[in-house]
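Let's take a walk through a protein model together.

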Amino acid sequence: MLQRPDQLDKVEQYRRREARKKASVEARLKAAIQSQLDGVRTGLSQLHNALNDVKDIQQSLIDVNKDWRQSINTIENLKDVKDAVVQHSQLAAAVENLKNIFSVPEIVRETHDLIERGELLQAHRKLMDLECSRDNLMYEQYRMDSKNTHDMNLIHTYFGDMQKLSEELAKQLWMVVQRSLVTVRRDPTLLVSVVRIIEREEKIDRRMLDRKKQTGFIPPGRPKKWKEKMFNILERTVSTRIEGTQADTRESDKMWLVRHLEIIRKYVLDDLLVAKTLLDQCFPPHYDIFNRLLNMYHQALATRMQELAAEDLEANEIVSLLTWVLNTYNSAEMMGNSELSPEVDVNSLDPLISQSVVEQLLSKYMSTLTSNIIGWLRKALETDKKDWIKETEPEADQDGYYQTTLPAIVFQMFEQNLQVAAQINEDLKTKVLLLCLQQMNSFLTRYKDEAQLYKEDHLKNRQYPQCYVQYMIAVINNCQTFKESIISLKRKYLKIEMEDALSISHANMDATLDIIAKEGCSSLLDEVFMDLEPHLSELMTKKWLMGSNAVGTICVTVEDYFNDFARIKKPYKKTMTLEAHRRVVVEYIRAIMLKRISFKNAEERKEGAEKMIKEAEQFRFLFKKLASGSGEDTEGLCDIIEAIAEVIKLTDPSLLYLEVSTLVSKYPDIRDDHIAALLTVRGDASRDMKQTIIETLDQGPSQPNPNYVPIFKEITVPTLTVPKLLK
């Protein structure tokens with residue numbers, strides 16, 4: 001405070017300020033001490049007063065104890081008064097119930113009559129009066145002497161008939177409860193009366209239990225728990241109703257399960273609608289009767305469905321059960337019915353059977369279905385094979401194409417199983433489709449083998465079967481039908497994202513069908529050419545040159561066969577026409593290369609060549625007619641015959657090389673032996689000339705036409721054998 005000289009002037013001021021602070025502190029200390037002293041003085045005074053009071057109380061207790069000891073003998077003398085009071089209480093209760101006690105037998109009879117007449121409320125009222133009288137008497141007896149069982153039994157025996165009445169009344173109540181869904185429609189008042197009686201008993205039960213907590217006494221037969229018994233009876237009734245809907249067995253009716261499930265659906269829906277609209281109004285809200293019944297039905301159904309799932313079900317029965325459990329139960333036909341909402345929420349219902357059981361059933365179904373499909377396909381093929389040997393032609397479709405019922409039977413079977421699987425879920429539908437296509441693949445292999453055996457059996461005896469050609473046409477057409485049906489089935493039942501997984505399988509089936517059709521077409525053409533063989537053997541012979549009409553007969557025969565072949569469907573008919581055309585030309589050229597004839601002079605060569613050109617024109621006309629509408633150019637094959645004819649027709653041998661080279665340039669697969677055979681048929685080419693032409697052609701460049709389909713490679717030229725040379 002004193003840091004500078006000028007502050008010395010304020011020393012007196014600082015001294016006075018500090019003096020004031022000191023005086024203030026001392027005053028506060030004095031006041032505090034005085035207050036503490038006053039409090040201590042008051043506390044001491046109160047302690048002195050409390051001590052005096054304790055002494056007074058102690059003296060009073062001594063006096064009370066002294067008086068109590070002096071009055072013990074007096075209390076013992078009042079025991080008779082106490083007994084009189086208890087006896088008076090009992091007598092008062094007896095007097096109060098005297099009228100009821102003496103009239104018990106009469107009330108019992110009246111109550112019995114009321115029960116028999118169905119007046120349940122009045123009967124219960126009298127029963128309650130009887131029970132009240134008995135319970136009051138027994139309670140008073142219990143209060144007087146709880147260990148006196150003799151008097152208790154005496155009262156209980158006297159009111160013994162009352163217990164029988166209670167049981168009889170309960171029996172009537174339970175009968176009404178069992179038929180509650182019927183009673184509520186015909187006489188809802190009766191059901192309401194039953195509920196009122198049960199409610200009365202519940203209140204009495206509660207009152208008696210409360211008294212037991214207070215006194216330890218409870219009348220015999222209490223608590224009755226009639227509300228609990230009512231729900232137990234309802235539960236048993238629901239279970240019996242569900243189980244009792246099975247009217248048939250598998251032995252008596254193949255559709256027993258479908259019928260059983262449909263009856264369950266109808267009964268459960270009807271019962272729940274009645275419970276919601278009528279029964280709910282007959283019970284107090286706290287009973288929550290509709291939801292209680294809903295849970296009972298759900299549990300009973302779950303139990304029944306599990307029992308059915310555990311049975312040895314057939315494939316169609318498994319589908320019926322799963323369809324009902326997974327779809328029908330939650331659909332608008334049952335729990336999803338609009339009249340049951342909003343009380344029933346299908347999304348909150350537990351599954352009737354567990355997922356593991358569903359998987360087991362589906363696994364069993366797929367296993368059974370696999371065996372069934374294999375059996376069905378085998379049976380269908382056996383049936384179709386029997387048709388192949390019939391003496392009547394196969395049926396034709398609306399376009400006139402021959403067919404058998406095999407594709408329709410097979411794909412109808414597939415369709416039915418897929419429709420059934422679709423009722424359960426998409427996953428099963430896909431699995432069934434994959435199974436069908438997998439078995440179809442195996443089936444087509446067997447179909448191919450059977451068609452081959454059919455052909456081989458026919459070759460052993462061409463007169464049998466009588467309609468071999470027609471049924472082979474039907475087999476070929478079936479291949480196209482199978483193709484179309486497979487595509488249709490996939491389009492209808494297969495998801496787009498699954499198509500890639502089946503592309504290989506589909507390609508295999510298409511390939512197998514093409515092989516069957518190709519072999520069928522080939523066997524039919526074999527049939528044609530077996531008939532043509534005698535006429536083909538006449539070609540390029542002396543007889544042919546002299547005017548044989550072999551080609552005319554060939555054309556007529558081919559056309560006749562193709563009248564039947566017109567019933568082959570277009571993709572295969574087109575292929576078959578081209579193949580027949582090619583084979584006719586090949587056989588004609590083969591006849592040339594067989595060197596059956598060697599023209600002696602130019603006149604014969606001209607005559608033979610012109611005949612060849614004419615016959616080529618006949619072939620061209622025939623196959624153009626047969627291929628009408630196919631859009632295929634079939635003239636190129638006959639051009640080969642004409643080109644060969646031009647070589648034979650040539651009159652100037654010096655130009656022979658040029659003509660042959662032109663032929664080779666057009667048809668590059670022609671070989672040296674073909675040229676040698678052709679020159680041999682001409683008859684005027686020496687060995688040296690042949691050798692020169694062949695060698696010269698071998699040296700020349702070859703520029704084949706990219707669109708040319710080789711034909712000469714199929715034709716072999718016979719070589720001279722030793723006997724021929726000696727001859």
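Where does K225 lie? You'll find K225 in the loop between helix 9 (188-215) and helix 10 (226-243). Before we dig into that residue, keep in mind that what you're looking at is a predicted model. The chain averages a pLDDT of 85, and 93% of the residues score at least 70. One stretch to treat separately is residues 721-727, where pLDDT stays under 50. For those residues, the model has one contact beyond four places in sequence.

Back to the loop, then. K225 has a positive phi of about 55° although it is not a glycine. Why point that out? Because most residues other than glycine have a negative phi, and most peptide bonds are trans. K225 is partly exposed, as its relative accessible area is 43%.

M540 also has a positive phi without being a glycine, with a value near 55°. This residue is in the loop between helix 18 (499-536) and helix 19 (542-545). Is M540 buried or exposed? M540 is buried, because its relative accessible area is 1%, and under 20% counts as buried.

The bond from S341 to P342 is cis, with omega near 0°. P342 sits in the loop between helix 13 and helix 14 (355-388). The bond from Y464 to P465 is also cis, with omega near -5°, and P465 belongs to the loop between helix 16 (426-460) and helix 17.

Two packed helices are described by the angle between their axes and the distance between the axes. Take helix 17 (residues 468-493) and helix 20 (residues 550-565): their axes come within 10 Å and cross at roughly 50°. The two helices are therefore oblique to each other. Which residues make the contact? Helix 17 brings V469, Q470 and I473, while helix 20 brings Y561, D564 and F565. Sort the residues of this contact by type and you get four nonpolar, one polar and one charged.

On the helix 24 side, the contact is made by L656, V660, L663 and V664; on the helix 25 side, I675, L678, L679 and R682 take part. How do the residues of this contact divide? Seven are nonpolar, none is polar and one is charged.

I648 is buried, with a relative accessible area of 0%. What does I648 touch, once you set aside residues up to four places away in sequence? The list is F599, R605, A609, M612, L678, V681 and R682. Look at V681 in particular: I648 and V681 are 33 residues apart in sequence, and their C-alpha atoms are 7.7 Å apart in space.

R185 gives you another pairing across the sequence. This residue has its place in helix 8 (residues 180-186). The C-alpha atoms of R185 and L279 are separated by 8.7 Å, although the two residues are 94 residues apart along the chain. Leaving aside neighbours within four places in sequence, R185 is in contact with D271, V274 and L278.

Our last stop is T323, in helix 13 (residues 315-328). T323 is buried, because its relative accessible area is 12%, and the cut-off for buried is under 20%. Which residues is T323 in contact with, beyond its neighbours within four places in sequence? They are T328, Q423 and I424.

Notes:
Residues are numbered from 1 along each chain as its sequence is written. This is a predicted model: local features need pLDDT of at least 70, side-chain atom pairs count only at pLDDT 80 or more; totals for chains, interfaces and linings use all residues. Side-chain values use heavy atoms; hydrogens and water are left out. Contact means heavy atoms within 4.5 Å. Helices (H or I, at least four residues) and strands (E, at least two) are DSSP runs, numbered from the N terminus. Ala, Val, Leu, Ile, Met, Phe, Trp, Tyr, Cys and Pro count as nonpolar, Asp, Glu, Lys and Arg as charged, and the others, Gly among them, as polar. pLDDT is the predictor's confidence in each residue, from 0 to 100. Buried means under 20% relative accessible area, exposed over 50%, partly exposed in between (1.4 Å probe, protein chains only). Axes are lines fitted to C-alpha atoms, for helices over the stretch in contact, and angles run from 0 to 180 degrees between N-to-C directions. Angles under 35 degrees count as roughly parallel, over 145 as roughly antiparallel, 65 to 115 as roughly perpendicular and the rest as oblique.
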